[in-house]
Amino acid sequence: MNEAMQQPVAAVKGIGEETAAALADIGIATVGELLAYAPYRYDDYEQKDLAAVRHEEKVTVEGKVYSAPLLTYYGKKKSRLSFRMLADRYLITVVCFNRPYLKEKIALNETVTVIGKWDRHRQTINAYELRFGPAPETTGIEPVYSVRSPLTVKTMRRLMKAAFEQFGEHIPDPLPPALRRAYRLVDKQEALRALHFPRTREELHQARRRLVYEEFLLYQLKMQALRRLMRDERRGVVHSFSEERLSSFLSGLPFALTNAQRRVIGEILADMRSPRQMNRLLQGDVGSGKTVVAAVALYAAALSGFQGALMVPTEILAEQHARSLAELFADTDVTIALLTSSVKGKRRKEVLAELEEGTIDIVVGTHALIQEGVRFRRLGLVITDEQHRFGVEQRRILREKGHAPDVLMMTATPIPRTLAITAFGDMDVSVLDEMPAGRKKVETYWVKHHQFARVLDFIEKELRRGHQAYVICPLIEESDKLDVQNAIDVHSQLVHYYRGKYEIGLMHGRLSADEKERVMRAFSENRIHVLVSTTVVEVGVNVPNATVMVIYDAERFGLAQLHQLRGRVGRGDAQSYCILIADPKSEVGKERMRIMTETADGFVLAEKDLELRGPGDFFGTKQSGLPEFRYGDPVHDYRILEVARRDAAKLVSSAAFWRDEAYAGLRAELEASGILDGEKLD
Ligand SMILES: Nc1ncnc2c1ncn2[C@@H]1O[C@H](COP(=O)(O)OP(=O)(O)OP(=O)(O)O)[C@@H](O)[C@H]1O
């Protein structure tokens with residue numbers, strides 16, 4: 001990064017205080033960050049033959065006005081303007097709603113360009129946009145950025161233009177020319193130009209190829225550098241514990257372990273006994289019983305005289321895990337503490353002091369665990385749950401709080417093994433591929449929105465049996481505020497419906513940590529019968545008495561996410577149900593709902609999810625469970641990831657990389673990431 005790129009966005013002409021603040025809101029503070037901000041899709045204004053356009057597809061059509069426009073009003077302010085247009089050899093109708101002023105401008109025989117939705121049956125375009133004159137020839141492709149108000153996509157396009165004009169020449173290229181040549185990659189300046197102002201699809205493709213490679217290479221360089229540092233640390237922790245006490249703990253569990261749990265526990269304990277540092281990924285489908293596996297490992301660490309840390313992505317989960325560990329360890333002398341950002345004041349001081357003294361054996365927490373001031377006496381084992389929410393850097397910090405502690409990462413996201421190894425570095429993988437006995441398949445139904453009343457009756461039947469239900473609220477893209485409002489609305493609807501009979505709880509991200517904890521506790525103790533929630537309950541929540549999961553607007557979720565949500569029920573012996581409420585318009589949307597009703601296996605769903613992704617979401621594809629990238633998708637761009645990994649390994653172990661000027665750009669990026677922390681690898 002050079003100085004130009006590090007200037008605050010306000011350095012761009014036309015960006016005032018307000019715009020700068022709005023940009024900061026979406027994580028853009030510097031010129032470099034602005035220029036790196038990728039569109040999540042592109043609108044293609046390329047013209048197509050109407051015969052080839054599908055029903056309801058967006059089109060751009062240029063043609064001549066063939067009939068005088070007809071304007072009709074209905075209601076107070078609503079109007080409909082229509083005219084006939086001759087486009088190539090087709091005579092079609094154009095309709096514009098609520099733009100009466102256009103009437104004066106539309107003249108017979110004039111050339112106009114219409115952008116809108118094609119109604120194939122009526123041979124009509126419902127126009128979003130009407131441009132006078134022929135379609136622009138320069139480019140048919142316009143970037144669409146994800147923005148939050150007061151920013152608009154239009155403003156973003158303007159800002160990009162201004163930023164590029166002013167700073168385009170100063171965009172540094174961290175890739176050495178030799179590498180660029182080897183893969184025929186465009187330079188960085190050209191890549192960003194084409195990212196924001198593409199003239200053709202091919203340009204866009206080349207830009208993307210280049211940006212994805214750079215991104216993956218940097219990621220892999222970080223991983224490989226980190227690995228070398230780890231290898232240099234002489235030895236990992238050797239855990240030695242009493243097998244007898246461990247077995248008596250296992251036999252005291254409230255259930256018999258599955259064979260898969262036994263096998264995986266064996267693998268983990270073997271790693272822990274050995275002087276080699278454990279670096280293991282534990283994959284298990286939702287509800288496969290990962291928590292107890294973590295508990296056994298933590299217990300083994302405690303028996304060996306070490307401390308263990310369990311790090312999870314949300315406070316709700318931290319509290320839940322702390323609670324269930326406390327239950328599991330009730331008959332032992334293991335001490336457990338909770339450390340999240342809502343543990344404050346005196347209590348916090350106590351926990352910190354006890355961690356440092358070593359009187360706490362196991363600590364469960366969120367990001368708060370990796371803050372400064374948290375010190376351990378003998379940290380021997382670190383377990384992270386849903387590790388994708390933690391970056392490489394955060395893992396490094398936690399690791400360094402001990403002396404090369406063993407590391408176990410748990411995830412419920414099914415990731416093909418080879419991909420996991422590549423994406424997370426060379427770690428060992430364990431898989432829990434068996435569900436606890438007695439589990440019944442969650443019956444999944446797909447209903448339409450207008451059937452909601454029946455859904456409410458269905459829920460009531462389950463409530464009468466003493467069971468509980470979740471209702472996940474409509475999801476509004478990019479707007480946390482509206483999500484919360486939706487949850488509040490659905491909540492009051494349900495309160496009204498079940499008045500006097502059942503307790504309805506409400507959970508969303510804007511509640512304070514205390515409130516969340518209170519609601520969650522009430523739900524898990526069955527004092528709340530129906531929990532209305534935004535997707536904050538997505539991961540890990542465990543209330544076995546809940547048997548119904550209702551998901552509003554299910555078509556807006558990815559299959560993997562739906563599977564996660566569905567995994568909140570079916571965690572006990574009772575038959576459970578998942579009800580997807582969705583009116584998907586597209587065939588793919590309908591297919592996705594059907595697949596959910598038919599498939600219970602997370603791995604199968606993950607594969608289907610991939611298959612069903614059209615080329616439409618070009619940049620937007622984010623495969624949950626893998627590290628999040630700005631440009632690349634580790635699944636789609638797997639081959640680039642492989643190449644980048646090989647190149648990174650070669651670079652890190654070559655003297656030239658650490659010395660030559662050609663690599664200064666890459667080294668600077670590596671240093672900026674804080675991975676090396678002043679340490680030199682040579
Ligand atoms: N071998 C077993 N037999 C019966 N019940 C089990 C067994 N192992 C775990 N359970 C129970 O199954 C439920 C789910 O386990 P757990 O919460 O560990 O799942 P998980 O793998 O973490 O799932 P998720 O990813 O959905 O959080 C818990 O209520 C747990 O007590």
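**Figure 1. Helices H11 and H17 in the predicted model.** The axes of helix H11, which covers residues 315–328, and helix H17, which covers residues 513–524, come within 10 Å and cross at roughly 50 degrees, in a model that is predicted. At this angle the two helices, H11 and H17, are therefore oblique to each other, and H11 passes H17 in a right-handed crossing. On the H11 side the contact is made by Glu315, Ile316, Glu319 and Arg323, which meet Ala513, Lys516, Glu517, Met520, Arg521 and Ser524 of H17. Sorted by class, the residues of this contact between H11 and H17 comprise 3 nonpolar, 1 polar and 6 charged.

**Figure 2. Helices H8 and H10.** Helix H8, made of residues 243–251, and helix H10, made of residues 290–303, have axes that come within 10 Å and cross at roughly 150 degrees. Because angles over 145 degrees count as roughly antiparallel, this description applies to H8 and H10. The crossing in which H8 passes H10 is right-handed. Arg245, Leu246, Phe249 and Leu250 are the residues of H8 that meet Val296, Tyr299, Ala300 and Leu303 of H10. The contact of H8 with H10 has 7 nonpolar residues and 1 charged residue, with no polar ones.

**Figure 3. The largest nonpolar core and a second, separate one.** As general background, nonpolar side chains tend to be buried together in soluble globular proteins. In this model the largest nonpolar core holds 58 residues, and the members that touch the most other members are Leu23, Leu34, Met156, Leu217, Leu221 and Leu666. Helix H7, running over residues 201–232, gives the most to this core, with 11 residues.

**Figure 4. Ile268 and its surroundings.** Ile268 is found in helix H9, which spans residues 259–273. Its relative accessibility is 1%, so Ile268 counts as buried. When neighbours within four places in sequence are left aside, Ile268 is in contact with Met278, Arg280, Val293, Ala297 and Leu408. The view may also include Asp428, which is 160 residues from Ile268 in sequence, while the C-alpha atoms of the two residues are 10.0 Å apart in space.

**Figure 5. Arg556 in a loop.** The loop that holds Arg556 lies between strand S20, residues 546–551, and helix H18, residues 559–566. Arg556 counts as partly exposed because its relative accessibility is 44%, a value that falls between the limits of 20% for buried and 50% for exposed. Between the C-alpha atoms of Arg556 and Gly589 there is a separation of 8.8 Å, although the two residues are 33 apart along the chain.

Figure 6. Most residues other than glycine have a negative phi, and most peptide bonds are trans. Ser149 and Pro150, however, are joined by a cis peptide bond, with omega of about 10 degrees, and Pro150 lies in the loop between strand S8 (141–144) and helix H4 (153–167). Asn109, a residue other than glycine, has a positive phi near 70 degrees, and is found in the loop between strand S5 (90–97) and strand S6 (111–119). With a relative accessibility of 56%, Asn109 counts as exposed. Arg184 is not a glycine either, yet has a positive phi of about 50 degrees, and its place is in the loop between helix H5 (177–182) and helix H6 (188–196). Arg184 counts as exposed as well, because its relative accessibility is 71%.

**Figure 7. The close-up views in the setting of the whole protein.** The protein contains 23 helices and 21 strands. Of its 682 residues, 52% are buried. Among the contacts in the protein with a separation of 6 or more, 72% are between residues 24 or more positions apart.

Conventions
Residues are numbered from 1 along each chain as its sequence is written. This is a predicted model: local features need pLDDT of at least 70, side-chain atom pairs count only at pLDDT 80 or more; totals for chains, interfaces and linings use all residues. Side-chain values use heavy atoms; hydrogens and water are left out. Axes are lines fitted to C-alpha atoms, for helices over the stretch in contact, and angles run from 0 to 180 degrees between N-to-C directions. Helices (H or I, at least four residues) and strands (E, at least two) are DSSP runs, numbered from the N terminus. Angles under 35 degrees count as roughly parallel, over 145 as roughly antiparallel, 65 to 115 as roughly perpendicular and the rest as oblique. A crossing is left-handed if the near helix is turned anticlockwise from the far one by less than a right angle, and right-handed if clockwise. Contact means heavy atoms within 4.5 Å. Ala, Val, Leu, Ile, Met, Phe, Trp, Tyr, Cys and Pro count as nonpolar, Asp, Glu, Lys and Arg as charged, and the others, Gly among them, as polar. A nonpolar core is a set of buried Ala, Val, Leu, Ile, Met, Phe, Trp, Tyr and Cys residues joined through side-chain atoms within 4.5 Å. Buried means under 20% relative accessible area, exposed over 50%, partly exposed in between (1.4 Å probe, protein chains only).
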